[in-house]
Amino acid sequence: MSSFVHRVANWLATEVMVKGLAESRWFQRFVLRTHTHVERLGEHAARGAERLAASAPPELDHLRKSGTAVFSTFRRTLAEEMAKASKPETTAAQSRGFMSSFARGQTRPRKQ
């Protein structure tokens, strides 16, 4: 019962906050200014990256290409190794032995 009351109170608070912020002129101006500022920063960063790429010597381009190739090889190898590790390697004899002891009700070897 208390979780239901908690969920209703949470929903009510969220509704009041969202409606109040949506109707607030101050909040709308704040969001618009922030959005404009973030877009300007993105454009400035893109221009800077283009300038840096244009002024980079050709050796850096070769280095970037070889680094990308090494990373893609590493990522592929890592994925293959993780796939191998996620599949336990059991032999048919191990499976039969486990299943037969499980069927007999023996989950661990008996001490003699």
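**Exercise 1.** Determine in which helix Arg-25 is placed and whether Arg-25 is buried or exposed.

*Solution.* Step 1: Arg-25 belongs to helix H2, which covers residues 25–55; helices are DSSP runs of H or I with at least four residues, strands are runs of E with at least two, and both are numbered from the N terminus. Step 2: The model is predicted, local features need pLDDT of at least 70, side-chain atom pairs count only at pLDDT 80 or more, and totals for chains, interfaces and linings use all residues. Residues are numbered from 1 along each chain as its sequence is written, and side-chain values use heavy atoms, without hydrogens and water. Step 3: Arg-25 has 62% relative accessibility and therefore counts as exposed (exposed is over 50% relative accessible area, buried under 20%, partly exposed in between, with a 1.4 Å probe and protein chains only).

**Exercise 2.** Describe the ring pairs that link Trp-26, Phe-27 and Phe-30 into a cluster.

*Solution.* Step 1: Rings of Phe, Tyr and Trp (its six-membered ring) pair if their centres lie within 6.5 Å; planes under 30 degrees apart are stacked, over 60 edge-to-face, and the rest tilted. Step 2: The structure holds two aromatic pairs. Trp-26 and Phe-30 are stacked, at 5.7 Å centre to centre and 5° between the planes. Because Trp-26 and Phe-30 are four residues apart in helix H2, about one helical turn separates them. Step 3: Phe-30 is partly exposed at 38% relative accessibility. The ring centres of Phe-27 and Phe-30 are 6.3 Å apart with planes at 35°, so this pair is tilted.
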